[in-house]
Amino acid sequence: HRDLCPRNILYARKDSPDSDCKIIDFSHAGVVPAHIPEGGSYFDRTLGTAGYVAPEVLAANSPYGTKCDVYSLGCTIHGMLTNGKLPRRHPRVGIMTVLPPNISQECRDFVNLTLEPADKRPNVSELLNHPWLN
């Protein structure tokens, strides 16, 4: 997708029986060739919304890969839980979160996993098996 952020997610209305979210605006999306492994990198243009772009993309350390969308998802959920506050990038400490104390440990773990450095960040399939989603 390469621009996963709150404005590109449609949420169901409170009174709707449909509780699914819909991802929209695929204008930055691309097709990853079959020979690229899941979680691998392929795209080389820096795209996305400020505050939601993975650090490795901003640092130009590696091309854009699917794990970058996992990072953007983590920023989006973090923002939803903190009334719009995003994780901060600290030059010496790394990614800093301000999650509220009343969320579950599973939720906290899920968000923190999505914000890990790219080499430790789970891919989408791994994330779908997380206890917070099951």
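1. V124 sits in helix α4 (124-128); helices here are DSSP runs of H or I with at least four residues, numbered from the N terminus. With a relative accessible area of 39%, V124 is partly exposed, that is, between the cut-offs for buried (under 20%) and exposed (over 50%), with a 1.4 Å probe and protein chains only. The model is predicted: local features need pLDDT of at least 70 and side-chain atom pairs pLDDT 80 or more, while totals for chains, interfaces and linings use all residues. Residues are numbered from 1 along each chain as its sequence is written, and side-chain values use heavy atoms, without hydrogens or water.

2. V124 also belongs to a nonpolar surface patch with L128, W132 and L133, and together they have about 350 Å² of accessible area. Such a patch joins nonpolar side chains (Val, Leu, Ile, Met, Phe, Trp, Tyr) within 5 Å, from residues with over 30% relative accessible area and no salt bridge. Areas come from the Shrake-Rupley method with a 1.4 Å probe.

3. The largest nonpolar core has 18 residues, and A54, V57, C68, Y71, C75, V111 and L115 have the most contacts inside it. A core is a set of buried Ala, Val, Leu, Ile, Met, Phe, Trp, Tyr and Cys residues joined through side-chain atoms within 4.5 Å. Two or more core residues come from each of α2 (66-81) and α3 (105-114); α2 gives the most, with five.

4. Contact means heavy atoms within 4.5 Å. S72, in helix α2, is buried at 2% relative accessible area.

5. On α3, C107, F110, V111 and T114 are buried. They lie on the same side of the helix because they cover an arc of only 95° around the axis, taken from the directions from the helix axis to the C-beta atoms. Their cover includes α2 and α4.

6. There are two salt bridges, each a side-chain nitrogen of Lys or Arg within 4 Å of a carboxyl oxygen of Asp or Glu. R7 pairs with D3 at 3.4 Å, N to O; R7 is exposed at 55%, whereas D3 is buried at 4%.

7. The closest N and O atoms of R121 and E56 are 2.7 Å apart in their salt bridge. R121 is in the loop between α3 and α4 and E56 in α1 (residues 55-58), so the pair ties together parts 65 residues apart in sequence. R121 is buried at 1%, and E56 is buried at 10%.

Terms used. Patch = residues over 30% accessible without salt bridge, like charges linked within 9 Å, V, L, I, M, F, W, Y side chains within 5 Å.
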